[in-house]
Amino acid sequence: MDNLYWLDKIQPSDRDVVGEKAFYLSCLMQKNHPVIPGFVVPAKTFWHFLESIDWLEPLFADWPNSSLHLNVDEPKQLQAIARSIRRQITSTKLPDCVLSSLESAVCQLNSKALIFRPSLTSRHPNTAGMLESQAVHAEPFAIEAGLKGAWAELFRAQRLFYWQRCGMNVQEINPAVLVQQLSNAIAAGSVETKRGEAWEIQATCGLGMSLARGETIPDYYQVQPETGEVKIQRLGYKTLAYNLKIGDLNSRKQLLAERFNALSIPDFQFPIANSTGSYLDVYILGEKAQNEYVLNQDELQKLIDLSKKARAEFDSELTLEWTMNQSTESDEPEFYFTQVCLLKNKQVPQTSENPIALSNQNAIALGRNPTILKGLAAASGKVKAIAQVMTNSHPEDAEFVAGGILVARAIPPHWLPWVKVAAGIVSEQGGMTGHGAILARELGIPAVVGVVGATRAIETGDSVWLDGDTGEVFASAQIQATPTADRNYDEIADNTDLSSQAAKMSIAHHQFPVTVRSHLEPKSQPPESAQYLASAPTATQLLVNVSQSNSIDRLRNLPIDGIGLVRSELMAIEALESQNPQLWFQNGWESEFVDRMATQLSLFAAAIFPRPMFYRSLDLRESGMDGSFSYTFEPELFNWELKVLKKVGDSGYTNINLILPFMRSVEEFVFCKQRLETVWKQRPTEFKLWIMAEVPSILFLLPDYVKAGVQGISIGTNDLTQFMLGVDRNSADMASAFNGRDRPMMRAIEQLIVQAKVAGIPCSICGDAPALYPEMIESLVLWGISSISVNVDAVERTYQAIARAEQRIILQAARSIVKNNQ
């Protein structure tokens, strides 16, 4: 194996071999700054390894000696090639000489765990934050897997796309892999230095992986570097922490438990790196961590002092990533720098004593760095388009250009008209069941939510690649991409009044000029899969959740038994020109309210007639009184809704039914039932009055509800999960730890299904859980769920899951009968 390059021995002449990341760390280490020891595996080792691979596909016959002929605008081909390359890399054994040298070097590090940090040796293009590091235990198999995993990162579909757009041939990819010790951490974060401005410091508990994955909002400080004065400090939202599964279990727990009141989750296994077989300890942080800063004042001051000394070595603004570990030689924790990134490369005085000065003489001044962000994959699909950042403080007369990617801190419901013409969504806040995610899935556009720092990292006009399947967002000011996506952009034009190519939309006074289509003719023949599914009925009914009229065409030829949920709050935004129903009520616009809402609702009723449609009445939570309880205070607005239903039913759409939202008590239900009987006395015989099962008290009150006249229930897993488990449904931080398939939730759902069967009423489920976790569908079918209602985008896979579950249950029953008769 070619020589490894140890950080404490790298010379200025080695810079192009080891890359910027390792070079700048070595400069700090050789100046006696605290840097974690390590070594670099150079690019020539990578290329020798590639040449040793027995490439099976004809496409790779002469590779890596010749170029790969890729069409990066063909996503399926690109994904297939990327998978093939990575599979060959990870499955091919390292040459014995390489593995032997690697193991020998790791022994010198004397560490129980390692991190492999890949980067390109060239200074262009910038790959900061783009290539995922691989963390492994210091064992022979894991060491080999870690190095190959770091190399394989270069050949993900997104990376191949980026290399080509930057004008790079595959042969120009020269990866250097920095291998360092990895220890359990008390805290981690970053320091961003700015010339003439306050420095910014971020800090979170445990390893920095929670920051890299966008699962925590760190503590934030603004510091005056000259004086060390903290000008601004803001507590983060720190719910999870990670540390390594190394060392004694009790000592691992003690590290975070004592300081942050952290609770370990012993059965929660989270892979550090694919194929390494290693795992992280996951900790739920207690109230103490929520109310206190990660760093105490002495630790913060020490970090500031160390950063000032490191900054003095460079004539450039930079970002320092750091970790704070518990030293075995001292009672006090120690800080170490793990990465250095120069924000602006500038020439510095050349002296023989300053290796940084020598190395910067040919530096290339680049523009703003490309950015890779991670969040929750909330709505499937991929899109390339231009970003438009809309902040919460944006003036009300803002404009949004149709076909762009909407980037925001959050997606409030009244932004619906923007969402309808957006190519995709990126939001800092929100979870899988937030308004933005739900709307994106219904409209068929990709979305990534819980992307920490998105509105700061992305600027309006940036070219963005958004992957709603993996949760990755790539933004660059250097790449000029055109708005092309898996979504049909003709559909955007059809569903919007595009008076010009810009298709600008005004939000002045919350009024959006959107034209709603009145024609409902299908644009094309249904896909073969839909035709196939429609020919194979299931016993469990499959319903669909809707709110927007432009979803109607997508309902045609789908194997659905009706509409299980009309989200009235979102439907009202479209029907009432983005104005809150409360405003219409306060102005006394009853007649127009009833006409507009009835016209909108009739579109859905007509699209699936005579199959049933369940309308959930308004749940205006911004009023401070959730669900049906608000009707007892403002019964007239509820009367207006009942008049809407009456008008739709009297016009001949007898398939309409009502679901009452967020029902807390039997008394609320009796009140609503009496209002219904007063406003709409002559209801169709098919009409049913249901309630949402989303307040945990229904687990104990369902028999009483049935006695009072409830004719069916629909389990709302989004809210039920929130109140059963005590979590925020819009929190991306909690999404990885708690969800609708947790044991308490599954027991609650089973109990509701069984109770409904005993009472002789139907039980449906309309939350996002079945679509997000299709593995739970077999349990739902086994327990006897009447129907499952999902978003339009999940119909096909949910149908297939229901069919498979029913077939397995029937087969198991048949086998049991045969066995008993033998």
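Me: What share of the 822 residues counts as buried in this chain?
Reply: In this predicted model, 56% of the residues count as buried. The cut-off is under 20% relative accessible area.

Me: Why is Lys382 called buried?
Reply: Lys382 has 17% relative accessibility. Buried means under 20%. Therefore Lys382 counts as buried.

Me: What makes Asp469 partly exposed?
Reply: Asp469 has 40% relative accessibility.

Me: Where in the chain do Asp469 and Lys382 sit?
Reply: Asp469 is in the loop between strand E23 (463-467) and strand E24 (472-476). Lys382 is in strand E18 (residues 382-390). They are 87 residues apart, so the pair links distant parts of the chain.

Me: Why is the contact of Arg675 and Glu636 called a salt bridge?
Reply: Their side chains meet at 3.9 Å, N to O. The limit is within 4 Å, so this pair counts. Arg675 lies in helix H22 (residues 666-679) and Glu636 in helix H21 (residues 635-650).

Me: Why are Arg675 and Glu636 classed as partly exposed?
Reply: Arg675 has 23% relative accessibility, and Glu636 has 40%.

Me: What makes Glu153 and Arg159 a salt bridge?
Reply: Their closest N and O atoms are 2.9 Å apart. Glu153 and Arg159 are both buried.

Me: How many salt bridges does a search of the whole structure find?
Reply: The search finds 17.

Me: How do you know that strand E27 and strand E34 pair?
Reply: Strand E27 (residues 541-546) and strand E34 (residues 787-791) share five bridges, in the parallel sense. Pairing takes at least two bridges, so they pair. Val544 stands opposite Val790 in E34.

Me: What do the strands from E27 to E34 form?
Reply: They form a closed barrel of eight strands with parallel pairing. Neighbouring strands are turned by 30° against each other on average, direction ignored.

Note on methods. Residues are numbered from 1 along each chain as its sequence is written. This is a predicted model: local features need pLDDT of at least 70, side-chain atom pairs count only at pLDDT 80 or more; totals for chains, interfaces and linings use all residues. Side-chain values use heavy atoms; hydrogens and water are left out. Helices (H or I, at least four residues) and strands (E, at least two) are DSSP runs, numbered from the N terminus. Axes are lines fitted to C-alpha atoms, for helices over the stretch in contact, and angles run from 0 to 180 degrees between N-to-C directions. Buried means under 20% relative accessible area, exposed over 50%, partly exposed in between (1.4 Å probe, protein chains only).
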